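Here is a short walk through a structure, strand by strand. Keep the view open as you read.

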Amino acid sequence: MTPAYPVVKPSHVAGVVKVEMSLLNSREEIEWYQIELFDLNWTNIPFASSYRIINIGYKERKSFDVYIRKSDMDEAVYLCTTSKVRKTSKSRTLVSSRICSRLDGEPA
Amino acid sequence: MKYLVTALSLFALPALANVPITGTVEAKCVIQTTKDGVYGNPIASKLSTTPADGGVLPVIRFDVSLADSYTANITHPTSFSTSPTLNDTVAWTGSTSVTQTSVAGMSAYEAAKVVVENTTIFDLTLAGSTWFSTASSATYGSSKPFVGGVYTALVQASCIAK
């Protein structure tokens with residue numbers, strides 16, 4: 001998921017800002033990714049988007065906007081996409097991958 | 001006239017134009033599963049991904065485009081995501097290690113890793129690819145045999161911008 005440090009832009013709704021993100025699926029066995037927003041302690045923060053869970057094919061790229069209340073921006077830190085794994089009929093480990101961008105800016 | 005044409009042709013330069021190609025390298029992290037993990041069942045009460053126990057270690061590859069932009073946080077399982085009904089407790093152990101690197105300097109990741117409960121954190125200070133493997137072992141309470149069925153557990157691999 002890119003960018004790692006998204007630019008927060010004004011949206012068409014008063015009191016709401018927007019970040020523009022792009023997601024590339026590089027895992028052949030994964031078709032679905034969930035968007036989540038967290039504070040520094042990994043507590044969920046509310047947001048709006050056209051998708052909560054994105055269906056995306058292997059090597060496909062999708063763009064999406066995430067809308068966040070301005071009042072939540074002091075708390076919002078991690079914007080993440082997490083892969084959703086399928087049930088399997090073999091005894092095995094499954095790998096759930098999560099990529100997180102930071103909304104509080106690049107490290108100094 | 002012949003000499004004039006020859007002289008003019010010496011000054012006839014081909015049309016040249018400079019076409020700039022621009023690009024941006026931005027921080028980016030890609031996670032891929034190189035190998036799926038499989039639980040072996042060396043004794044009735046144990047499930048393990050360790051090859052010595054008949055299992056297969058899952059291998060996860062992290063590609064980062066810019067140095068010092070991300071941490072890799074890998075969490076080994078502490079519960080089954082699917083299993084038959086179990087009436088006793090399951091004792092979990094696990095660990096994550098660097099198994100392969102694309103840059104020699106990344107071998108230092110292993111010594112510098114930080115383990116917090118069941119999560120191992122690697123500071124990805126160099127650009128390139130790193131392969132991690134996660135060992136996971138589950139032992140059923142009081143050495144009881146595991147109930148027959150399919151057992152799956154989830155390894156959480158996170159790439160978090162610093």
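How many bridges join strand 7 of chain A to strand 8 of chain A, and do the two run parallel or antiparallel? Five bridges join them, and they run antiparallel. Bear in mind that this is a predicted model. Strand 7 spans residues 78-84. To place the pairing, find Leu79(A), whose bridge partner in strand 8 is Ser101(A).

Now stay with strand 8 of chain A, residues 92-102. This strand is mostly covered, with nine of its eleven residues buried. It also pairs with chain B. Nine bridges join strand 8 of chain A to strand 10 of chain B, residues 152-161, and here the strands run parallel. Val95(A) faces Val155(B) across this pairing, standing opposite it in strand 10. Strand 2 of chain B, residues 37-38, is joined to strand 8 of chain A as well, by two bridges in the antiparallel sense. There, Arg92(A) has Val38(B) as its bridge partner.

Next, move to strand 9 of chain B, residues 128-140. Strand 3 of chain B, residues 46-48, runs antiparallel to strand 9 and is joined to it by three bridges. Ser48(B) stands opposite Ser137(B) in strand 9. Strand 4 of chain B, residues 59-64, is also antiparallel to strand 9, with six bridges between them. In that pairing, Arg61(B) has Trp131(B) as its bridge partner.

Strand 6 of chain B, residues 90-101, pairs with strand 9 too. Eleven bridges hold this antiparallel pairing. Look for Trp92(B), which stands opposite Ala138(B) in strand 9.

Key: Residues numbered from 1 in each chain as written. Chains lettered and ligands numbered in written order. Predicted model: local features only at pLDDT ≥ 70, side-chain atom pairs only at ≥ 80, totals over all residues. Buried ≥ 20, exposed ≤ 12 C-beta atoms within 10 Å, placed from the backbone. Helix = DSSP H or I, 4+ residues; strand = E, 2+ residues; numbered from the N terminus. Pairing = 2+ DSSP bridges.
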